[in-house]
Amino acid sequence: MTEPEATEGLSRRTLLRGGIAAAAGAAAFGAGFGTGRGTAAETPAPGGAGAAYAFGGPHPAGIVTPAQDRLHFAAFDVTSRSRADLRALLAAWGDAAERMMRGEGAGPAGPTSGPYDAPPDDTGEAIGLPPAGLTITIGFGPSLFDGRFGLADRRPGPLRRLPHFPGDTLDPARSDGDLCVQACADDPQVAVHAVRNLARIGFGTTTVRWSQLGFGRTSSTTSDQVTPRNLFGFKDGTANIKADETAALDQHVWVGADQYPEAPWFAGGSFLVSRRISMTIETWDQQSLRDQENIIGRSKSEGAPMSGGGEFAEPDFALKGRGGTPIIDAASHVAMAHPTRNDGVRILRRGYNFVDGSTHLGRLDAGLFFIAFVNDPTTHYIPMQTEMAKRDLLVEYLRHTGSGLFAVPPGPRPGERFADTLFA
Amino acid sequence: MKSPHVLAAALGATATVGLLAGCTSNDKAAKGDPRHVSVTSSADACELTATSAPSGHLTFAVKNTGSQVTEFYLLAEDGLRIVGEVENIGPGITRELVTTAGPGTYVTACKPGMKGAGIRAAFQVDDSGEDVAPTGDVATQVKQATKNYQAYVRDQSAQLLTKTVQFADAYKAGDDDRARQLYTDARVHWERIETVAESFGDLDPRMDAREADVEPGQKWTGWHRMEKDLWPQRAKGYTPMTPAQRTTMANDLVANTTTLDKRVRTMSFTVDQIANGSRGLLEEVATGKVTGEEEYWSRTDLYDFQANVDGARVAFDGLRPVVDKRNPALAKTIDSRFVALQKLLDKHRQGDTGFVGYDALTPAQVRELADAVTALSEPLSKLTAAVVG
């Protein structure tokens, strides 16, 4: 092998260059993880181009994994009416996901191998790219349990279409879906490659309903990641649940062993809430700094709550300013989203900025593709969003244009294939 | 995003300044900008990096190193009249006061805990030769502007109430043609003062909610509910309201409008509220009218468009003498962009006071209007800083 090795694994081209190299790659992969594939999702490896994560494990990958920089999210509808087709597809997706997360091709042969007269089983645009921390997270929408596949009695209770929130202007062509795939990576081409190949594997069984590209993670999921800024220019998600807060994860994010007796397959998984939130960027940019900070409730410079301290200081909602009114506006975004205003619930946010070019009026078609993981949307998302839609000062500059709710099962256990337990 | 290392270095070098904002401020001071003064407000001290500055636009970057909320004032020589102030600075926060000061003696004051006279010191502003308008003159103009705007808002509110009563009568009587005419006539007065009218959180959802704004379990009432009933063409399988339902709906609107009018009568406005209102009305145009979303059923968005522009124009005209003094270039730009926007709107007039329906506009015409709105709202967003500065 003449190519330089990536920091924690091998480049795709090296890995994919035939049998001997593939065997070497598998060994390097195992060494890179150290703790082994079964627990890799629980103990995230440090990020970076060479980082690689395991698909299998007691919790799904791509939730507490250090948030990567890029996203390709896709929702699918199942076109087949066959339960066997669905089961085979999910198993095949799991196999491909596992390979791609290792930095290998989507199929066993790879992009430049296999029968010369057949198209390769991997599309090839990721040749030479490192695993780039790719995670693939697959979820099931409420409609998957509508009876077409004999799964109606296995639907977790809260897995229903999200209700209409005040002000929602949802586009059906950007909402819902039988299945979803969240592909996150530090290289956009690696994320797109993953979705493209899974869509290809699904042809005939599924069809892409909508998909969304995202960049610039808007949350941190580990304590050593710097809080990023959203397109309003503010730090967002400072109070996010982090990977090392294991008790909080069990309380708010991971589905408990007996939480949904109707859906034992879901234990260890999580609900994924997706909202495409368009921002009226040009209007926001015309707000005074005073108003911007008042609306958010944090300083724009370092993200400190307006009540003082540094970014991670706890906001003091009781602190009074001039005229005895609280220094942090009770309707500011930081106040509305705070656990004390939401029965103590916390969510794990994993959103991305998006810019889909410009609108017909020449405005940025941009915003936040909000993704949150919680173990019960009826307690952890719906009440909060209902209140925010009514009162949050920020809502004036937001428009929810897409929505989805999905149940993400844990990764497969050794010897199993993805979603085996859903059909068991 | 600055790395933590950069931050640490900056903090180490200059103990008195804040984090990100503080660095920037200090850079300016370090570069020798004599009009930039850093202020450190602690529990028992108010330290300024300079005790004098040349006349013109001054910036005070106030860092609160105490544990209580603080304020900073620039007062006239008498120690009473406020030239500029910055309030609600939380512990650890840095905030800037940007103000204009002519030559003379002033008093600075930090007020940790927001109590008492504060920690005061003299501050000298030397004559730089730069033309700074005499403040007494502007003060009179400000007073006049606020008085005029208050009268305008009251007048529009009174007309809104009169026309709403007429609308309600026609609607209840089943005189739909007249009700449709009065719908646009009355709403013009709402839209001219929309930023004031919608500021009451209890009334606005009951008076001006669109169908998508309604939350589950809440009854949809107000203007747009009756709009749908009067223009049901775009509604699928629509069931018209019964006379009894119409009466309830119309009476409810009249009651809410009466409450609104009563409240508006007691309101007064500061110059920054007037300036923000002007900008706010253009935002309403940008997000609701030019996109054809406000009057979804009647397609009469251009009436509202014009009314928002009217209201923004009145607010700006009232402040014009102040802006002419403080930032004449900005006044000229805003003025010319109002003219350009009005010219475009006039192309779509129909009859004496009316406008064509939104659907009659081509995509290119919508784009042209949207561009003119953006061209105006950008300089308009600088109005507040110009009138308070």
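This is a predicted model: local features need pLDDT of at least 70, side-chain atom pairs count only at pLDDT 80 or more; totals for chains, interfaces and linings use all residues.
**Figure 1. The four-stranded open sheet of chain B.** The strands of this sheet follow the order 2-1-4-7, and their pairing is mixed. Strand 2 (46-48) and strand 7 (94-101) of chain B lie at the edges; each has a single partner strand, so one side of each has no neighbour in the sheet. From one strand to the next, the twist averages 25°. At one end of the order, strand 1 (residues 36-41) and strand 2 of chain B run antiparallel and are joined by three bridges. One residue pair to look for here is S41(B) with C46(B), its bridge partner in strand 2 of chain B.

**Figure 2. Strand 7 of chain B beside strand 4.** Strand 4 (residues 56-64) and strand 7 of chain B are paired over eight bridges in the antiparallel sense. Within this pairing, T59(B) is opposite V98(B) of strand 7 of chain B. How many of the eight residues of strand 7 of chain B are buried? Six of the eight are, and strand 7 of chain B is thus described as mostly covered.

**Figure 3. Strand 1 of chain A between two antiparallel partners.** Strand 1 (residues 70-78) of chain A has eight buried residues out of nine, so the rest of the structure largely encloses it. With strand 4 (residues 206-217) of chain A, strand 1 of chain A forms nine bridges in the antiparallel sense. H72(A) is placed opposite L213(A) of strand 4 of chain A. Strand 3 (residues 179-185) of chain A also runs antiparallel to strand 1 of chain A, and seven bridges join the two. Here R70(A) has A185(A), in strand 3 of chain A, as its bridge partner. For context, chain A as a whole contains twelve helices and nine strands. Of its 424 residues, 57% are buried. Among contacts in chain A with a separation of 6 or more, 74% are between residues 24 or more positions apart.

**Figure 4. I382(A) and its surroundings in chain A.** I382(A) is located in helix 11 (residues 382-391) of chain A. Which residues does I382(A) touch, not counting residues up to four places away in sequence? They are L162(A), P163(A), F165(A) and P377(A). F165(A) is 217 residues from I382(A) in sequence, yet their C-alpha atoms are 8.7 Å apart in space.

**Figure 5. R187(B), a buried residue of helix 4 in chain B.** Helix 4 (residues 176-192) of chain B contains R187(B). Is R187(B) buried or exposed? R187(B) has a relative accessible area of 0% and is therefore buried, since the cut-off for buried is under 20%. With neighbours within four places in sequence left aside, R187(B) is in contact with D208(B), W223(B), H224(B), E294(B), E295(B) and D304(B).

**Figure 6. Q245(B), a partly exposed residue of helix 8 in chain B.** Q245(B) sits in helix 8 (residues 243-265) of chain B. Its relative accessible area is 41%, so Q245(B) counts as partly exposed. K172(B) is 73 residues away from Q245(B) along the chain, and 9.1 Å separate their C-alpha atoms.

**Figure 7. Helix 10 of chain B and its kink.** Helix 10 (residues 301-326) of chain B has 26 residues, which at 1.5 Å a residue should span 38 Å. The C-alpha atoms at its ends are 35 Å apart, which agrees with that expectation. Where is the kink in helix 10 of chain B? A kink of about 55° is found at R320(B), shortly before the proline P321(B).

**Figure 8. The two domains of chain B.** Chain B is divided into domain 1 (1-132) and domain 2 (136-389). Taken over C-alpha atoms, the centres of domain 1 and domain 2 of chain B are separated by 40 Å.

Definitions and conventions: Residues are numbered from 1 along each chain as its sequence is written. Chains are lettered from A and ligands numbered from 1 in the order in which they are written. Side-chain values use heavy atoms; hydrogens and water are left out. Two strands pair if DSSP finds at least two bridges between them. Axes are lines fitted to C-alpha atoms, for helices over the stretch in contact, and angles run from 0 to 180 degrees between N-to-C directions. Buried means under 20% relative accessible area, exposed over 50%, partly exposed in between (1.4 Å probe, protein chains only). The expected span of a helix is 1.5 Å times one less than its number of residues. The bend at a residue is the angle between axes fitted to the seven residues ending there and the seven starting there. Domain bounds come from an automatic or database domain assignment. Contact means heavy atoms within 4.5 Å.
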